[in-house]
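Hi everyone, thanks for making time. I'd like to walk you through a structure that may be new to you, so let's get it up on the screen.

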Amino acid sequence: MTKADMDLAKRREQLEQRLSDLTARLHEIDEELDSHQSKDWEELATEREGDEVLERLGVSGQAEIQQIKAALTRMDEGEYGYCVKCGKEISEQRLDLLPFTPFCRECAS
C-alpha cells in the first residue's frame, strides 16, 4: 500500500467517523425535539427557544453530512483531493482542516 493510499484510507476513516458522530447527534436532537410536551406557557416558551437552537444545529449537521457523503463519493470515483471547480490538487493542509472540502483555496475564496 502506497503512502497516498494510506493517507486516503486515513481520510476515509476520519470522514466515516465524523459521519457516524453527526448521525448520532442528529438522532439525539430529534429525540430532544420530540420530547417537549409542556403545557405551561412559560415552560413552552423556554422549550421553543431551545428548540430553535437545536433546529439550527440539526440543519448545520445535515449540511455537513451531505458534504461528507459527497467527499466519500469523490473518493470512490478517484476524484477526492482535486478541486471540483478548477481541477487543481487541494493542499494537504486544507484537507487536514476541511477533509470534505470540494474546492482548493483559490476557488473557495
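Predicted model: local features only at pLDDT ≥ 70, side-chain atom pairs only at ≥ 80, totals over all residues.

Let's start with Cys104, which sits in the loop between helix H3, residues 92-97, and helix H4, residues 105-108.

Who does Cys104 touch, once we leave out residues up to four places away in sequence? The list is Cys83, Cys86, Ile90 and Arg94. Take Ile90 from that list: Ile90 and Cys104 are 14 residues apart along the chain, and their C-alpha atoms are separated by 4.8 Å.

Okay, let's zoom out for a moment. The protein chain has four helices and zero strands. Reading from the N terminus, that gives you α-α-α-α. There are 109 residues in the protein chain, and buried ones make up 28% of them. The accessible surface of the chain comes to about 7,900 Å², and carbon and sulfur atoms account for 51% of that. One more number on the overall picture: if you take contacts between residues at least 6 apart in sequence, 52% of them join residues at least 24 apart.

Now for the charges. Here's the general idea: side chains of opposite charge can pair when their charged atoms come close. How many salt bridges does this structure hold? Six, and I'll take you through some of them.

Look at Arg12 first. Arg12 forms a salt bridge with Glu16, with the closest N and O atoms 3.8 Å apart. Both of these residues are in helix H1, and they're four residues apart, which is about one turn of the helix. Glu16 is partly exposed, at 40% relative accessible area, and Arg12 is also partly exposed, at 24%.

Asp76 forms a salt bridge with Arg12, and here the closest N and O atoms are 2.7 Å apart. This pair links distant parts of the chain, since Asp76 is in helix H2, residues 41-76, while Arg12 is in helix H1, 64 residues apart. As for Asp76, a relative accessibility of 60% makes it exposed.

Next up is Arg18 with Glu64. Their side chains meet in a salt bridge, 2.7 Å from N to O. Again we have distant parts of the chain being linked: Arg18 is in helix H1, Glu64 is in helix H2, and they're 46 residues apart. Are these two buried or exposed? Arg18 is partly exposed, with a relative accessible area of 31%, whereas Glu64 is buried at 16%.

Then there's a network. Salt bridges that share partners join Arg11, Glu92 and Asp96 together. Arg11 lies in helix H1, and it counts as buried, with 8% relative accessibility. Which residues does Arg11 touch, not counting residues up to four places away in sequence? Met75, Tyr80, Glu92, Leu95 and Asp96. You'll spot both of its network partners, Glu92 and Asp96, in that list.

Arg25 is partly exposed, with a relative accessible area of 36%. Arg25 and Gly58 are 33 residues apart in sequence, and from C-alpha to C-alpha they're 8.4 Å apart in space.

Last stop: a patch on the surface. Which residues gather in this patch of negative charge? Glu28, Asp30, Glu31 and Asp34. Asp34 has its place in helix H1, which covers residues 3-35. Asp34 is exposed, because its relative accessible area is 59% and the cut-off for exposed is over 50%.

Key:
Residues numbered from 1 in each chain as written. Heavy atoms only, no water. Patch = residues over 30% accessible without salt bridge, like charges linked within 9 Å, V, L, I, M, F, W, Y side chains within 5 Å. Areas by Shrake-Rupley, 256 points an atom, 1.4 Å probe, with all protein chains shown as cover. Salt bridge = Lys/Arg side-chain N within 4 Å of Asp/Glu carboxyl O. Lys, Arg positive; Asp, Glu negative; His and termini not counted. Charge placed at Lys NZ, Arg CZ, Asp CG, Glu CD. Helix = DSSP H or I, 4+ residues; strand = E, 2+ residues; numbered from the N terminus. Buried < 20%, exposed > 50% of the residue type's maximum accessible area, 1.4 Å probe, protein only. Contact = heavy atoms within 4.5 Å.
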